[in-house]
Amino acid sequence: MEFIPEFHGGITFFYSSNPDNIQSNSQNDNDDKYYCRILKKSLAETLTDFYPIAGRFKDTSTIDCNDSGACVVEAKLNSNLSDFLLSVSKSREDPHKKLGKLVPTLDSETMELASKCMLIAQITIFECRGVAISFCLEHRFCDLSSVVVFLKCWSARARGDAGEIVVPDLVGSSFLPPLDLPPLPPVPNPIENRTTARLVFDASKISALKTKFAESANGNDHDQYNKYPSRVEVVLALILKCAISAARSITPETKSVVFQSVNLRKRTVPPLPENSIGNLFWMLPVTIGEGNNIEFHELVSKMKSETTLFYEETVRRIKGDEEGNSLVFESVKEREEILKSASDVDIYWCSSWCRFPLYEMDFGWGKPVWVSSGVVSSRNLIVFEDTKCGDGIQAWVTLDPQVMAVFERDEEIMSFASFNHSIA
């Protein structure tokens, strides 16, 4: 947590108003407040297991578990859910401008009232009685995998399924003991001078990208690790190729570095439990040299090779007091050196939410019709999510407006990705 700036990561779930999905636990089920009562009661119960979330940070490595609680905002939107989602998918403007209405951390009055709350949630009821649940958690405490554990427990309690409740394993301090470092500055307002596009890659297009890689790499790459790229690797490589080309068409002769977020849980020796809570991920840098001739297959191969090397040579050495902390310091120092040269280097950040069971979060009225990452977007940020069917990828790409104008017209990205894709 000591190397994570102070900000709330967010995720929003959308649920339809299908009455067949609503549990009948009250004679006032038709009251809009019914949703809020169920969610707030089950949230309070869940916080007894995840008790640090109900506390407050004292410094970069200490949480005062004072049971001050979370902040929950209730809202109502004068729109039907289907109309709202259609407006998000069909609008030519940044979709985050519409989604921001549902995210409490973008409202200054809410943030003032929240007063250092680690968890801030907003429950928005649509006119049709559809529901949006926006969940924003202080990133210094935990990563997405931890959030999923929390959401599984919260949703299980909300729908009354005690068998699905899992007690969290607060493993962070034992995995890598805290070092009492000075706090990092808060993340500045990330919305200004940024624009975000939502791209959808369906399964057939991802398969075509893998074929494109195989044909391009044939005879050029014999590395065994590069034979079978994942869907995330080929989609990321294409987005980077087109985004970097767009940026270099405006500012040529620049080097690029992409930081990939890597989940450590299954890679450590022995593996960490699935219910491990903490920031148990690594930002792995991959450098992309100068020049305008960026080859798709070379990008795929380079990222895959760097990731494989990291898994084989570094991850197993991370756990442990002295060597683990030394590796973390080396990584942070390397990242700081790259960031210091930001005027000469284009820096990209990628986080993949794929394979996380976000579409399984059932709070008692069915599974979500759509899931969206939060609207906190920094420059050159790429976030991947599964599509609802599970075999496609929804990508949120945030770039400088000038770069985005070129990126969106790139024929290669347009041939594989769908802009303004229907949501539900």
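Which side chain of opposite charge is nearest to arginine 198, and how far away is it? The points below take this up in a predicted model.

1. **The charge at arginine 198.** Arginine 198 is buried, yet has no salt bridge. The nearest side chain of opposite charge is that of glutamate 385, 7.8 Å away. A salt bridge would need a side-chain nitrogen within 4 Å of a carboxyl oxygen.

2. **Polar partners.** The side chain of arginine 198 does have polar contacts. One is with the side chain of glutamine 394, at 3.1 Å. Another goes to a backbone atom: the oxygen of histidine 421, reached at 2.2 Å.

3. **Surroundings of arginine 198.** Neighbours within four places in sequence are left aside here. Contacts then include Trp370 and the run Gln394, Ala395 and Trp396. Ser418, Phe419, Asn420, His421, Ser422 and Ile423 are also in contact with arginine 198. Ser89 is one of the buried residues of helix α2.

4. **Place in the sheet.** Arginine 198 sits in strand β7, residues 195-201. An open, mixed sheet of 7 strands holds β7, in the order β9-β8-β10-β12-β13-β7-β14. The edges are β9 (281-288) and β14 (418-419). Each edge strand has a single partner, so one of its sides has no neighbour in the sheet.

5. Strands β10 (345-352) and β12 (381-386) run parallel and are joined by 4 bridges. Serine 352 has phenylalanine 384 of β12 as its bridge partner.

6. **Helix α2.** Which residues of α2 (81-90) are buried? They are Leu81, Phe84, Leu85, Val88 and Ser89.

7. **What covers α2.** The cover over the buried residues of α2 includes the strands β1 (8-15), β4 (71-77) and β5 (119-126). Helix α3 (96-99) contributes too, as do β7 and β11 (370-373). Strand β7 is also the strand that holds arginine 198.

8. **The whole chain.** The protein has 13 helices and 14 strands. Of its 424 residues, 52% count as buried. Among contacts with a separation of 6 or more, 77% join residues 24 or more positions apart.

Technical notes:
Residues are numbered from 1 along each chain as its sequence is written. This is a predicted model: local features need pLDDT of at least 70, side-chain atom pairs count only at pLDDT 80 or more; totals for chains, interfaces and linings use all residues. Side-chain values use heavy atoms; hydrogens and water are left out. Helices (H or I, at least four residues) and strands (E, at least two) are DSSP runs, numbered from the N terminus. Buried means under 20% relative accessible area, exposed over 50%, partly exposed in between (1.4 Å probe, protein chains only). Lys and Arg count as positive and Asp and Glu as negative; His and the chain ends are not counted. A polar contact is a pair of N or O atoms within 3.5 Å; within protein, one must be able to donate a hydrogen and the other to accept it, and residues adjacent in sequence count only if both atoms are side-chain atoms. Contact means heavy atoms within 4.5 Å. Two strands pair if DSSP finds at least two bridges between them.
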